[in-house]
Amino acid sequence: MKQLFVFIRKEFYHVFRDRRTLLILFGLPLVQILLFGYALTSEVKNIDLVVTNVSNDVLGQRLTNQLRSSAFFNVQEQPLSPTQIESAFKKGQIKAALIIPAGFSADFTKARHATLQLLTDGSEPNISKTVLQYVNAIVQDFQRAQQPVTSISPVITPEVRLLYNEEGNGSINYVPGVLALILMIVCTALTSVAVVREKETGTMEILLVSPFKPVMVLVAKAIPFLILSLANFAFILLLAVYLLQVPIAGSLLLLFIITLLFIATSLSFGLLISNATNSQQVALLISMMGLMLPTIIFTGFIFPLENMPLPFRWISNLVPAKWYYAAVRSVMLKGLGLADVWKEMSVLCGMTIVLLSITVKRFKIRLA
Amino acid sequence: MDPVINHQLPSPATADAAIECRELSKKFGDFMAVDRISFHVQPGEIFGFLGANGAGKTTAMRMLCGLSYPSSGHATVAGFDVYREQEKIKQHIGYMSQKFSLYDDLTPLENIRFFGGVYGVAERVIKERSRELVQSLGLEKEANKLVGALPLGWKQKLAFAVALFHRPRIVFLDEPTGGVDPVTRRQFWDMIYEAAEKGVTIFVTTHYMDEAEYCDRVTIMVDGKIEALDTPVHLKHRFHCDNMDEVFYRLARTAQRSDA
């Protein structure tokens, strides 16, 4: 036990004397939280919208004002000809244009049928779709406001609620994703590099010749990163709650246990990688390409899994982060309990056992 | 140019052998890396282990250090069996490899404390011995600097001192002086003699033939077999050579396999 303690103390020296490791440990979570929380938001705000009001009548003007008053658009009123509009789109000067045709008021009040033309830049589908939705919603509102009370009101009015995220906070989704990413980096990449470095420098030989049990080398390498990961977990949660205003709906203890499980899985992955490689670069490359990319792609926090072809969804089941992400979302955002996340937890448990047994077995083979 | 030459070869009958091998072999598939080697090393002896790259030196040494199991044959190290008592062997040997084997981002004292701790040396003893060690190496000023900042020569001496720190009965040195300047190599060999005087058995591999002359006895391995085993003086006499370099060349050029 004393030997283990001596070893762990040495590992902490390594960590705290390496600026790069420290940066990854504490700089990365901060950057990612800020990035996903603020910069990479999927909400669309302040879109430039050109309104060409050909009608120049009362209702046309009212509609323009209503668009202007919404936070989504920067409305610029410009009397442009169709060719001017087209060339402005081609040059990329505008992303969306609304054309209010001549006689808009008359059509609306007398013929009871008016049209509008909305043009968007389809080469940016996300923005286009958002603009379409927003303009539609505003036009609906406008229409209702213009109609006299006596006229037939629409029979169906959908009442929309964003459950578990009533304010539509865009960063809420990212917190579990960032947690998964950071823990993966710390546990898998840093751990594998820490073990492989001993091989590269030749100190691993010295350790293997010493009475220190080889398996204990793995344990001694894993424990410091376990502790650091937990510190990171607390750090990210604090950032999430106080900086991004993401509430923790469920049990903190359950969240902690799930995280501990995921850390165990990631650590086993890291140790397995370190067994299979002999250079720090290769270890880092495998951790990054083999685990970071799948974590980003197949977890579902950036690209919805539901939209992927079936084979990809099968693959996604092999990615530990997917299960962790799902469980954290359930507990943290939806406030669900053990009964709803036991499946994810058992998958992580199973993965850990399989990975660890392969690692220990391989470690023995290498020594024989 | 001989260093401390007053070192006496211990008589073969003094005690049980520090290392004893009988027909020790290691096979990788069809490849006989080590082919039925037999020798014994006396306590306090400086035993040189020579051979071209790929001759099987490292494989033989790994078996003796408890890093791998032999395919056949018998061997004991410090009286313990290499098949059944690897853990006990590890307690009683020190090891230093050609690669520099301390942690660059730790200070000399932290390195000493770490390796001392790993070998289970008591905290109090570690303190005492590390103070002595730092003094004898003249490292007082550098004791709290990072090892990475030390010149290679000092690093090697420190690594040797660390290998001896837990007072092993046998120390294995795998090309310990690679890349070190001649002056430091001399100082290094002085340290080896000093340790041998205290009764530590030295098992050393080297590519430098002048170092082979410093050994009490030398074995030369060719293609996994021991081709010669004797004192440097006898070897030179037997092969009618002026120095060990010629002896080595004579034997090694018959080798069928080069770098493995």
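## Helix packing in chain A

The crossing of α7(A) and α10(A) is right-handed. This comes from a predicted model.

On the side of α7(A), the contact is formed by L183(A), M184(A), C187(A), T188(A), T191(A), S192(A), V195(A) and V196(A). From α10(A) come F262(A), I263(A), S266(A), L267(A), F269(A), G270(A), L271(A), I273(A) and S274(A). Which classes of residue make up the contact of α7(A) with α10(A)? Eleven residues are nonpolar and six are polar, with no charged residues.

## Domains of chain A

Chain A is divided into two parts: domain 1, which consists of 2-40 + 169-367, and domain 2, which covers 47-146. Between the C-alpha centres of domain 1 of chain A and domain 2 of chain A the distance is 49 Å.

## A hairpin in chain B

In chain B, strand β9 (residues 217-222) pairs with strand β10 (residues 225-230) over five bridges, in the antiparallel sense. Within this pairing, V222(B) stands opposite K225(B) in β10(B).

How many residues lie between β9(B) and β10(B) in the hairpin? There are two residues between the strands, and D223(B) in the turn has a positive phi of about 50 degrees.

How values were computed. Residues are numbered from 1 along each chain as its sequence is written. Chains are lettered from A and ligands numbered from 1 in the order in which they are written. This is a predicted model: local features need pLDDT of at least 70, side-chain atom pairs count only at pLDDT 80 or more; totals for chains, interfaces and linings use all residues. A crossing is left-handed if the near helix is turned anticlockwise from the far one by less than a right angle, and right-handed if clockwise. Helices (H or I, at least four residues) and strands (E, at least two) are DSSP runs, numbered from the N terminus. Two residues are in contact if their C-beta atoms, placed from the backbone, lie within 7 Å. Ala, Val, Leu, Ile, Met, Phe, Trp, Tyr, Cys and Pro count as nonpolar, Asp, Glu, Lys and Arg as charged, and the others, Gly among them, as polar. Domain bounds come from an automatic or database domain assignment. Two strands pair if DSSP finds at least two bridges between them.
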